[in-house]
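Keep the coordinates open as you read.

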Amino acid sequence: IQAHCASGCVTNDHFPCLADLFFPADIISTVEFNYSGELLATGDKGGRVVIFQREQESKNRPLSRGEYNVYSTFQSHEPEFDYLKSLEIEEKINKIRWLPQQNAAHFLLSTNDKTIKLWKISERDKRAEGYNLKDEDGRLRDPFRITTLRVPVLMPMDLMVEASPRRIFANAHTYHINSISVNSDHETYLSADDLRINLWHLEITDRSFNIVDIKPANMEELTEVITAAECHPHQCNVFVYSSSKGTIRLCDMRAAALCDRHSKFFEEPEDPSSRSFFSEIISSISDVKFSHSGRYMMTRDYLSVKVWDLNMENRPVETYQVHEYLRSKLCSLYENDCIFDKFECCWNGSDSAIMTGSYNNFFRMFDRNTRRDITLEASRENSKPRAMLKPRKVCTGGKRKKDEISVDSLDFNKKILHTAWHPKENVIAVAATNNLYIFQDKIN
């Protein structure tokens with residue numbers, strides 16, 4: 001799996017603070033590459049979006065190709081207060097999704113719990129000079145003193161990156177938004193909360209179409225909630241959503257306007273011998289992702305990652321244990337609320353490998369062809385630029401080897417929930433609390 005373990009590494013500290021002190025607002029809450037992989041966006045709990053741009057390789061700096069530097073920073077969401085419900089609405093960015101690039105500008109969707117915004121990110125390196133009605137300092141000229149017609153000319157200026165909100169999609173969700181996904185028609189997108197999924201047109205902000213509604217007439221009868229949803233990468237009529245019961249439903253919008261009746265239902269039968277008090281909690285799916293090919297989908301629950309073939313509903317075709325050694329620790333993980341952590345997962349560009357996060361700043365990578373896996377650590381100590389990442393191993397009992405770490409000494413406050421994989425190359429982005437780490441294959 002050496003080809004997939006990010007060998008050379010570059011770290012970008014996201015709003016670094018003195019020592020390891022940081023504000024809760026600096027915690028990264030989402031990471032997303034754009035379609036080309038040249039831009040990488042992060043959102044944080046303070047409602048900010050930071051976009052990193054990949055450095056172009058030059059003769060002077062032949063090894064700078066993998067480095068990402070800050071391209072633009074802007075405040076996407078502000079804290080709000082719902083006076084009717086006496087409810088504070090956090091500014092935290094839950095998800096960012098890029099739109100395919102159509103012109104020189106870039107567009108992305110960002111959402112907090114209630115409001116989705118469409119942002120345009122554009123560059124400006126020229127300014128107009130020589131106006132008729134204004135002086136160079138911007139003051140209006142006396143019309144009676146204007147005797148000649150001047151044609152404004154474009155003059156070069158320092159590069160400015162501007163982020164401007166183009167659309168605001170609000171007031172459509174009663175519950176917290178957990179997912180947004182851009183459809184393959186590039187005109188519509190879906191947004192999902194705990195009980196409903198809405199379909200939006202990118203040009204229309206004042207209405208959306210409710211395509212899934214699982215809210216019961218009596219809320220006391222509620223048995224499951226929607227945890228994640230995603231559009232199919234090629235078929236604009238197909239989408240999936242996962243539930244807290246560990247099930248996945250695939251829906252076809254051609255069948256009915258309201259997709260409460262699913263087309264396919266994916267569920268793995270539970271082994272009665274392994275049932276425990278925590279079974280229902282750890283079977284809840286925290287993330288679902290289609291493969292780039294559209295043939296498979298991947299789901300992440302608390303202890304494992306599963307790959308499903310869309311043509312086989314009764315069981316996954318592959319199951320990878322992420323941190324099986326935590327099964328004996330579920331009681332303490334329940335007490336400190338870690339058992340409710342929502343880990344994400346991602347595919348590499350060729351669908352041959354998958355990645356997801358764990359505790360102690362560990363992240364796991366699985367090669368689907370060889371079935372080999374590796375555990376790597378994102379930390380400042382072992383992530384100096386151009387350093388090799390060493391595989392980490394967790395000791396579950398018995399005598400601990402020299403380079404192993406004991407389960408009892410894992411730090412559950414250090415967790416990697418959000419990861420992203422470059423769509424074309426072996427470059428990965430890993431969010432570890434308030435730090436963003438970018439790793440890449442070894443450069444020869």
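Predicted model: local features only at pLDDT ≥ 70, side-chain atom pairs only at ≥ 80, totals over all residues.

Residues are numbered from 1 along each chain as its sequence is written, and side-chain values use heavy atoms, with hydrogens and water left out.

Start inside. A nonpolar core here is a set of buried Ala, Val, Leu, Ile, Met, Phe, Trp, Tyr and Cys residues joined through side-chain atoms within 4.5 Å. Buried means under 20% relative accessible area, exposed means over 50%, and partly exposed lies in between (1.4 Å probe, protein chains only). The largest nonpolar core has 19 residues. Within this core, Tyr 302, Leu 326, Leu 333 and Leu 410 touch the most other members. Which residues does Leu 333 contact, leaving aside neighbours within four places in sequence? They are Tyr 302, Leu 326, Cys 338, Ile 339 and Phe 412, where contact means heavy atoms within 4.5 Å. A second, separate core holds 16 residues, including Phe 363, Ala 378, Ala 432 and Tyr 437. In soluble globular proteins, nonpolar side chains tend to be buried together.

Strands are DSSP runs of E with at least two residues, helices are runs of H or I with at least four, and both are numbered from the N terminus. Two strands pair if DSSP finds at least two bridges between them. Strand E26 (residues 362-367) pairs with E27 in the antiparallel sense over 5 bridges. Phe 363 stands opposite Leu 376 in E27. The hairpin of E26 and E27 has 5 residues between the strands, and Arg 371 takes a positive phi near 65° there. Of the 5 residues of strand E27 (residues 373-377), 4 are buried, so this strand is largely enclosed by the rest of the structure.

Now turn to an open sheet. Its 4 strands run in the order E16-E17-E18-E19, with antiparallel pairing. Strands E16 (226-231) and E19 (264-266) stand at the edges with a single partner strand each, so one side of each has no neighbour in the sheet. E16 and strand E17 (residues 238-243) pair over 5 bridges. One partner pair is Glu 230 with Val 240 in E17.

Charged pairs come next. A salt bridge is a side-chain nitrogen of Lys or Arg within 4 Å of a carboxyl oxygen of Asp or Glu. By this rule the count is 22. Lys 95 forms one with Glu 344, with the closest N and O atoms 3.3 Å apart. Lys 95 lies in strand E8 (residues 95-98) and Glu 344 in the loop between helix H2 (330-335) and strand E24 (345-347), so the pair ties together parts 249 residues apart in sequence. Are these two residues buried or exposed? Lys 95 is buried, at 11% relative accessible area, and Glu 344 is buried at 8%.

Asp 301 and Lys 306 also meet in a salt bridge (3.6 Å, N to O). Both Asp 301 and Lys 306 are buried. Elsewhere, salt bridges that share partners join Asp 26, Asp 44 and Arg 48 into one network.

Finish at a loop. Asn 311 lies between strand E22 (304-309) and strand E23 (318-321). Asn 311 is exposed, with a relative accessible area of 58%. Not counting residues up to four places away in sequence, Asn 311 touches Lys 264 and Arg 295.
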